[in-house]
Amino acid sequence: MLDDPILREKARAAVQSGKLPARQPDRSWGGYGVGAACAICELPVTKQEVEFEIQYGDGHSPGIDEFHVHVRCFAAWDFERRLLDG
């Protein structure tokens, strides 16, 4: 797993590039990973690891944007998005 400063840098870049929203998710929950790539560090969240799945849906467009993230990656993203929100 990557060091916290690197995770925060990757999280900040994901928000600034628009890859991840800078707002609180509409829905989120945790569970064991399904092997999906983490939206922050891009490593898979394995079945032995806990992940957060965060979802966004505005009610106007079809489908829901969902992202799988490691717990530590979620913490880095949450910290950075709050800083950027100011």
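**Starting from a loop**

Author: Let's start with Glu42, which counts as exposed because its relative accessibility is 54%. The cut-offs here are over 50% for exposed, under 20% for buried and partly exposed in between, using a 1.4 Å probe and protein chains only. This is a predicted model, where local features need pLDDT of at least 70 and side-chain atom pairs count only at pLDDT 80 or more, while totals for chains, interfaces and linings use all residues. Residues are numbered from 1 along each chain as its sequence is written, and side-chain values use heavy atoms, leaving out hydrogens and water.

Reader: OK, and where does Glu42 sit?

Author: In the loop between strand E1 (27–32) and E2. Glu42 also has a positive phi of about 70°, although it is not a glycine.

Reader: How many helices and strands are there in the chain?

Author: 2 helices and 3 strands, following the pattern α-β-β-β-α along the sequence. Those are DSSP runs, numbered from the N terminus: helices are H or I with at least four residues, strands are E with at least two.

Reader: Tell me about H1. Which of its residues are buried?

Author: Leu7, Ala11, Ala14 and Val15. Looking down the axis, the buried residues of H1 fall within an arc of 95°, so they line one face of the helix. The arc is taken from the directions from the helix axis to the C-beta atoms. Pro5, Glu9 and Gln16 are exposed, on the face of H1 turned away from the buried side.

Reader: What covers the buried residues of H1?

Author: The cover includes H2. That rests on contacts, meaning heavy atoms within 4.5 Å.

Reader: And what comes just after H1?

Author: Gly18, with a positive phi of about 90°.

Reader: Switching topic: how many aromatic pairs does the structure hold?

Author: 3. Rings of Phe, Tyr and Trp (its six-membered ring) pair if their centres lie within 6.5 Å; planes under 30 degrees apart are stacked, over 60 edge-to-face, and the rest tilted. One of the pairs is Tyr56 with Phe67, which is edge-to-face, at 6.1 Å centre to centre and 70° between the planes. That pair links distant parts of the chain, since Tyr56 is in strand E2 (residues 50–56) and Phe67, 11 residues apart from it, is in strand E3 (residues 65–70).

Reader: Is Tyr56 buried or exposed?

Author: Buried, because its relative accessible area is 4%. Phe67 counts as buried too, at 16%.

Reader: What about Phe74 and Trp77?

Author: They make a tilted pair, 5.5 Å centre to centre with 55° between the planes. Both are buried. Phe74 and Trp77 are about one helical turn apart because they are separated by 3 residues in helix H2 (residues 71–85). Ring pairs also join Phe52 to Phe74 and Trp77 in a cluster.

Reader: Which residue lies over the face of Trp77?

Author: Arg81, at 5.2 Å from the ring centre. To qualify, NZ of Lys or CZ of Arg must be within 6 Å of the ring centre and within 35 degrees of the ring normal.

Reader: Last one: how much of the chain counts as buried?

Author: 33% of the 86 residues. As for contacts with a separation of 6 or more, 55% of them are between residues 24 or more positions apart.
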